[in-house]
Amino acid sequence: MVDVFNVVEAIALVPLVSFLLVLALGNRMPKKGALSGIAATGFSLAISLLVVLDLATGGEVYHEELFTFVAGDGAGVELSFGLLVDPLAALMLTIVSLISFLVHIFSLGYMNDEGEIGLRRYYASLSLFTFSMLAFVYSDNLLMAFMFFELVGLCSFLLIGFWFREAGPPSAAKKAFLVTRFGDYFFLVGVVAVFATFGTTAFAGDHSFIVEATHVLEPDATGEMNTFLGLGEQAWITVVGLLVLGGVMGKSAQFPLHTWLPDAMEGPTPVSALIHAATMVAAGVYLVMRMYGFYALSPTALGVIALVGGFTAFFAATMALVKQELKQVLAYSTVSQYGYMMLALGGGGYVGAVFHLTTHAIFKALLFLGAGAVIIAMHHNENMWDMGGLKSRMPVTYWTFLFGSLALAGIFPFAGFWSKDEVLFETLQHALSGEPLLLVGYAFGLLAVVMTAFYTFRMVYLTFHGEPRTDTAASPEPIGWSMKFPLVVLGALSVVGGVLNMGVLKDFIGSENLFLKKWLEGKTISGELGPLSAEEYHHILESDFAAGYEVTELSPLGPGALALVLGLVGLGAAVALYRAPEPTPHMTKLGRIRTLLMNNYYLDEFQVWLATGVTAPLARAANKFDQSGIDGVVNGAGSVSMFTGERFRRIQTGIVTNYAALLSLGLVLLLLVFGFLGGWF
Amino acid sequence: MTAPLEWYLVLSAGVFCAGLFGVLVRQSALHFVMAVELMLNAANINLVAFSLEHGNLTGQVFALFGIALAAAEVAIGIGIILVLNRNFDDIDVTEAVTMRW
């Protein structure tokens, strides 16, 4: 068998080729380039699966530098391009290419069959998006990751603003770009800080910045780093970690930079599925996972991550409770679920976070594609109060959507149950041994469980149950196989995805059957995963020189049951309230709270006010100072020269006699000066 | 018996002042040229006087150069005066004031 790692570059490069091909010839290709995209992502998926298979059966981690653009010559910094395919990257490659593949197929029905124009642009952007994300996933250093991180941002800008002739999408695209750019600004400073501190940005290898940082903090310190601003070593590591976290919070839509994501619903629905499940938003969380060994060194950074994550999970869930558009509910649920992943990462639950990222990718892609099918059926009306009764009219969509919803709500035995439970359990485990920040995060997480189940089933009942509330809902447009196929695949995966890591049942099935844990600990590969393995991360987390977390031994059954009961409570409440054939809009009873939630806590207004009420006057004042102060000095110097020149040029009379007189006078003066100085008199 | 050096210098200073006076007060370009000649010759008188005083010929050689220079200067000066006359119909230097601010 050919060594699959010889072609590992092709995983990202084939979508890039597809991008160029579609860009050049898209209009003349069958299906306007969809087939080329499907082929490319299908190829990437196949190779990714082979890589996973190889790593699962004792392959070796692939880490290779492909290209060096600045050679360090042993001193200073070195910039290079390289690939790192370890279990985490391989898993993520598979997720990204799988979701992208299914989204391409779904787009056949969503875009092509609807007679959309501009399909060449659509498929080209989609391929470029896939390429950037795949390349980001197996980047072996922070700088390269940053480049592709930015490219991912650009592609989401292009795709969110796909329908640029309407009013909403361009503004949403601009907002997404600017808000994530704001976070990326900190990330860029962070990349430079990592360079300045460690002289390298490599993720893997014996001299990666993560390993160096660990060696610096270890009791018998052997590593070297530069610190700045007079901070201690751990404090500086915290600062660098928080700077990079800025980019993560922008991309992964964490409070307070989450405002772009609900607006991003203006893009085509398959794009939303791709952005929310596998690419754009996942990139932020994935970055934290990629350099988790670094974050594990700083308890402060971990605390911030956990608190931001827990709060975001709760905060976004409250807003999802009252939304009327199908995609808006899903958008806020995405923000909330990524909050869970951040909570897990901050709470020391690396495996839980990766697990939740995986299952979330599956069920959120499923829900978005399901929503896309509903939107097509409803002729692009997204208001859930205009739907109802779609259950019997679109059974495939209904059942798959239901599975996705059960997974999102965290109901046993669907995929989301296992992963959400793992997130909460691992956080609780570390929180109970004296980490109050984690306890707060955990409490937020539990509250969000109830609300997640509630808004999910409010959405399901309003959309699919009861009587049709409009004529369109009574006779929806049928959807084709290209939309059903991805739904069925993802629906099946949502049901069985939990098998990867059934942590709750650890005591019954034995911890050797927690596949994902073994996978991330590098137990399946030959050789050592070293500093990239989950085991090593936990070791660092529990070391006193680093985060210093302690594990409280708990049975996972209790917290698992608690989360399940809370989920069922939320689900039950939603069913009780919205089961009626003609459900009443109960949320209007909330009155002013509802208004507050509908307006997203006025955060958008607040951010606009920040821009127009604070930044703009500041900029105007600075401009005024520049115009009058700085320019005033320069202009003043000019005016003085002009004025004196105007006066002095009058001595140029043109009369030669005057010149002669001046010359003589000058000579006499000179003689007198020399005379006085030379002591002639 | 020879005259003392100071006499030559007083003569030279007198001639030079006469030339300078001419340059400063005369309006005719021809007078100008003559005044300049006077100033040059004042310098030549100095050179020859010092040459005599020191007993070597360097000053006299220089004076020869000065005379040659004066001749050349007159040639150019006359040329300028001709052009002046052609452009302004006059050789009054206070009239030719187009080259000013």
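Which residues does A:I99 touch, not counting residues up to four places away in sequence?

Modeller: Before the reply, a word on conventions: residues are numbered from 1 along each chain as its sequence is written, while chains are lettered from A and ligands numbered from 1 in the order in which they are written. This is a predicted model, in which local features need a pLDDT of at least 70 and side-chain atom pairs count only at pLDDT 80 or more, whereas totals for chains, interfaces and linings use all residues.

Leaving out residues up to four places away in sequence, A:I99 touches A:L274, A:A277, A:A278, A:A361 and A:A365, where contact means that two C-beta atoms, placed from the backbone, lie within 7 Å. A:I99 also belongs to the largest nonpolar core, which has 230 residues, and is listed with A:V285, A:I305 and A:A365 as having the most contacts inside it. Such a core is a set of buried Ala, Val, Leu, Ile, Met, Phe, Trp, Tyr and Cys residues joined through C-beta atoms within 7 Å; a residue is buried if 20 or more other C-beta atoms lie within 10 Å of its own, exposed if 12 or fewer, and partly exposed in between, again with C-beta atoms placed from the backbone. Helix 15 of chain A, residues 350-377, gives the most to this core, with 19 residues (helices are DSSP runs of H or I of at least four residues and strands are runs of E of at least two, numbered from the N terminus). At least three residues of the core come from each of domain 1 (1-216) and domain 2 (298-521 + 553-584) of chain A, bounds that come from an automatic or database domain assignment. Apart from this core lies another, of 6 residues, among them B:V23, B:F32, B:V33 and B:V93.

An unreviewed UniProt entry annotates residues 139-429 of chain A as "domain: NADH:quinone oxidoreductase/Mrp antiporter transmembrane"; UniProt positions are given in the numbering used here, feature names are shortened, and annotations may be inferred rather than shown by experiment. That span, residues 139-429, is 71% helix and 0% strand, and its end C-alpha atoms lie 32 Å apart.

A cis peptide bond, with omega about 0°, joins A:F255 and A:P256, and A:P256 sits in the loop between helix 8 (233-251) and helix 9 (260-263). Another cis peptide bond joins A:F412 and A:P413, again with omega about 0°, and A:P413 is in the loop between helix 16 (395-409) and helix 17 (415-431).

As for the partner, 11 residues of chain A are in contact with 10 residues of chain B. The chain A side of that contact has 4 nonpolar, 5 polar and 2 charged residues, where Ala, Val, Leu, Ile, Met, Phe, Trp, Tyr, Cys and Pro count as nonpolar, Asp, Glu, Lys and Arg as charged, and the others, Gly among them, as polar. The predictor gives the complex an ipTM of 0.86 and a pTM of 0.80. Chain B averages a pLDDT of 90, with 98% of its residues scoring at least 70, pLDDT being the predictor's confidence in each residue, from 0 to 100.
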